[in-house]
Amino acid sequence: MSDMCVRLFKEGWFETEISEGDDPKLSKMKKDVVVGGKDVKEVDNDFFLVVVKILDHQGPLSSTFPIENRDAKVTMRALKTHLNRMQSLPLVKQISDFHLLLFLAGVLDLNSDVPALAQCVLTQTTVPEGYKLLINSMAETA
């Protein structure tokens, strides 16, 4: 909602209507307000909405790994394909994929391995060598 709507509400410009069992609802204005050059007591809700432009966002995460809740089951072959496709990037960039992390959560220890990998992704720091060997060996079994 716009700042104007919030200000009008705080200043008590709206009448509230209370029905049994319902939360209070705003029914109409107590005073006339000028909307579109006219004094009115009722204002269409759209008048108080603010259009927010949606911008493209490029973050550190990607989403190229197969999505786990689709018809085809995600396998180690998908892991191998993903790692081969991303091999020019550091491992932390390769695993910076939400669906890949979900897949690894089903294979690795949720209490130690997954939080460690998630922390590397969050901070974009180097993945420890042991995890690199583990992930690559899982991909090679495909």
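Guide: Contact here means heavy atoms within 4.5 Å. The model is predicted, with local features needing pLDDT of at least 70, side-chain atom pairs pLDDT 80 or more, and totals for chains, interfaces and linings using all residues. Residues are numbered from 1 along each chain as its sequence is written, and side-chain values use heavy atoms, without hydrogens and water.

Visitor: What do the buried residues of α6 pack against?

Guide: The buried residues of α6 pack against α2 (76-85), α4 (98-105) and α5. Helices are DSSP runs of H or I, at least four residues, numbered from the N terminus.

Visitor: Which residues of α6 are buried?

Guide: Tyr131, Ile135, Met138 and Ala139 are the buried ones in α6. They lie on the same side of α6, because they cover an arc of only 100° around the axis (taken from the directions from the axis to the C-beta atoms). Buried is under 20% relative accessible area, exposed over 50%, partly exposed in between (1.4 Å probe, protein chains only).

Visitor: And which exposed residues does the face turned away carry?

Guide: Glu129, Leu133 and Glu140 are the exposed residues on that face of α6.

Visitor: Back to Tyr131. What joins its side chain to Asp113?

Guide: A polar contact of 3.1 Å joins the side chains of Tyr131 and Asp113. Asp113 is in helix α5, residues 113-123. Beyond its neighbours within four places in sequence, Asp113 is in contact with Leu108 and Tyr131.

Visitor: New topic. How many salt bridges in the whole structure?

Guide: A search of the whole structure finds one (a side-chain nitrogen of Lys or Arg within 4 Å of a carboxyl oxygen of Asp or Glu). Glu11 forms a salt bridge with Arg7, the closest N and O atoms being 3.5 Å apart.

Visitor: What is the relative accessible area of Glu11?

Guide: Glu11 is partly exposed at 44%, and Arg7 is partly exposed, with a relative accessible area of 44%.

Conventions
Helices (H or I, at least four residues) and strands (E, at least two) are DSSP runs, numbered from the N terminus. A polar contact is a pair of N or O atoms within 3.5 Å; within protein, one must be able to donate a hydrogen and the other to accept it, and residues adjacent in sequence count only if both atoms are side-chain atoms.
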